[in-house]
Amino acid sequence: MKQRIQLTVNGELREVAVEPWKTLLEVIRDDIGLTGPKEACSTGECSACTVLVNGKPVNSCLTLAVEAQGKEILTIEGLSQGSKLHPLQDAFIRHGAIQCGFCTPGMLLSAKALLDDNPQPTEQEVREAISGNLCRCTGYNKIVEAILEVAQK
Amino acid sequence: MATSKLDYLLKLPKFDHLEAKTIEEACSLLAKYKGKARVIAGGTDLLVSMKRREISPQYIINIKTIPNLDGINYSQKEGVVIGALATLAEIESSPLIQERFPILSSAAHQTGSPHIRNVGTIGGNLCNAAPSADMAPPLIGLGAKAKIKGLKGERVVTVEQFFLGPGESTLQVGEILTQILVPNPPPYTRGVYLKLPARTAIDIAVVGVAVVVTLDSQGINIVDAKVVLGAVAPTPIRARQAEDIIKGRMLNDELIAKAAQAAADEAKPISDVRGSASYRKEIVKVLTHRALKQVTTEEG
């Protein structure tokens, strides 16, 4: 049986009817229509599905949508201001921190959460913040460089 | 063939989601749906098991809707009281835990990825009763207790007694874990938790070793010692022979080597994809050695 939930997605209040076994990821992608968060491992090991829930990065593939009632969700679609890219997005492009792009939404959101909490992280802190986000293309160095550049501004 | 191209994605089986408003309600629901219901806290282990169809409960009982099951507080009498719903991230960053029990913040930090730690709870880490549960060895080393509530009232067991076997805890039908009580340690107590693989997000421990020692006031002799091994037996276990070797003694390299060997001998690991039994025994020796060195030479 479907339950009605209200949640704020990228600043907009949304009301959706969801089945209790639907993950937040499925509801964001299939019901709300935002396909930025990706499904890859489905078991919390790759974090391609990262969204921020009340400012904290979580695996939306392991979050029940019904338990997101009343929460503030940020997906990659909410990071830029219109056509103006977030400084992290801009730095990722300039540093070549994006190759296939599948991990990128999750990487950016994990980086945003880190910098919101700790504006001047060390390289080690950056590497720990993205330690759950797997990237099979870049070897991570360009991603770390891009995040550190934004942190130092 | 009309198979969906999305078949490789793991979907959850169907279930009813119930929100408990009180501990009593959660216990009643668990008793009513005996064997068909599971508690959800962070969900990071439960939902994976369900996606893999290892379990398919008909009812999921959310306990995050129960007030006051989270939080980390200090009381003179009980020591540090950690609510079962305290997340691993909260334990990692709690000034109270960092100051009094750095071994616990360190173990929390070594569990899972930041994303998992943001939702995964200390209660869930214990209730899943994995032999590799990272919070168990340090909690056992500190003599921590688990407060359990059920329909017939409340009981307290040591965290050591809480584990019965792989995936099996002392919790009976209709009972939930509500608090972890970490008693104030005697002065000059230090502890360290080491794990292999170290600092690798996601990976489950191949071996975890917690060492907690209490020194005399001169900081020379070991008055009390606990050596606790994770992932090398059906439950986290104390290496009592290793403890006996160092208790009442002044640690030196020879004694440390002897205790490390004893710990390896006491481990009863299995061979699996993460490591063979003989490899795990060797790693127990190495980590116990390293942990004993660290607690006697550095600020624990």
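A crossing of two helices is left-handed if the near helix is turned anticlockwise from the far one by less than a right angle, and right-handed if clockwise. Helices (H or I, at least four residues) and strands (E, at least two) are DSSP runs, numbered from the N terminus. The model is predicted: local features need pLDDT of at least 70, side-chain atom pairs count only at pLDDT 80 or more, and totals for chains, interfaces and linings use all residues. Residues are numbered from 1 along each chain as its sequence is written, and chains are lettered from A and ligands numbered from 1 in the order in which they are written.

**Exercise 1. Describe how α2(A) and α5(A) cross, and list the residues that meet.**

Step 1. Locate the helices. α2 covers residues 87-95 of chain A and α5 covers residues 141-152 of chain A.

Step 2. Get the geometry. The two axes come within 9 Å and cross at roughly 135°. Axes are lines fitted to C-alpha atoms, for helices over the stretch in contact, and angles run from 0 to 180 degrees between N-to-C directions.

Step 3. Classify the angle. Under 35 degrees counts as roughly parallel, over 145 as roughly antiparallel, 65 to 115 as roughly perpendicular and the rest as oblique. α2(A) and α5(A) are therefore oblique to each other.

Step 4. Assign the hand. The α2(A) and α5(A) crossing is right-handed.

Step 5. List the contacts (C-beta atoms, placed from the backbone, within 7 Å). α2(A) brings Pro87(A), Leu88(A), Ala91(A), Phe92(A) and His95(A). α5(A) answers with Lys142(A), Glu145(A), Ala146(A), Ile147(A), Glu149(A) and Val150(A).

Step 6. Sort by class. Ala, Val, Leu, Ile, Met, Phe, Trp, Tyr, Cys and Pro count as nonpolar, Asp, Glu, Lys and Arg as charged, and the others, Gly among them, as polar. The contact of α2(A) with α5(A) has seven nonpolar, one polar and three charged residues.

**Exercise 2. Outline the fold of chain A and its domain contact.**

Step 1. Count the elements. Chain A has five helices and five strands. Their order along the sequence is β-β-α-β-β-β-α-α-α-α.

Step 2. Check the overall size. The radius of gyration is taken over C-alpha atoms, and the globule rule is 2.2 Å times the number of residues to the power 0.38. For 153 residues a compact globule would come near 15 Å, and chain A has 15 Å, which agrees. The C-alpha atoms fill a box of roughly 50 × 30 × 25 Å along the principal axes.

Step 3. Domain bounds come from an automatic or database domain assignment. In chain A, domain 1 is 3-78 and domain 2 is 87-152. Their C-alpha centres are 21 Å apart.

Step 4. Read the contact. In chain A, 16 residues of domain 1 touch 12 residues of domain 2. On the domain 1 side, β3 (50-53) and β4 (56-59) of chain A each give two or more residues. β3(A) has the largest share, three residues. That side of domain 1 of chain A divides into 10 nonpolar, four polar and two charged residues.

**Exercise 3. Characterise the side of chain B that touches chain A.**

Step 1. Count both sides. Chain B and chain A give 22 residues each.

Step 2. Name the elements. On chain B, β1 (16-19), α2 (46-51) and α6 (114-119) each supply at least two residues. α6(B) gives the most, with five residues.

Step 3. Sort by class. The chain B side holds 12 nonpolar, seven polar and three charged residues.

**Exercise 4. Repeat the domain and helix analysis for chain B.**

Step 1. Chain B has 12 helices and 14 strands. A compact globule of 300 residues would have a radius of gyration near 19 Å; chain B has 20 Å, which agrees. The C-alpha trace of chain B spans about 65 × 50 × 30 Å along its principal axes.

Step 2. In chain B, domain 1 is 13-63 + 72-185 and domain 2 is 189-297. Their C-alpha centres lie 24 Å apart. The contact takes 22 residues from domain 1 of chain B and 25 residues from domain 2 of chain B.

Step 3. Turn to the helix pair. α11 (residues 253-266) and α12 (residues 277-297) of chain B pack at about 145°, with axes 8 Å apart. The crossing of α11(B) and α12(B) is right-handed.

Notes:
Contact = placed C-beta atoms within 7 Å.
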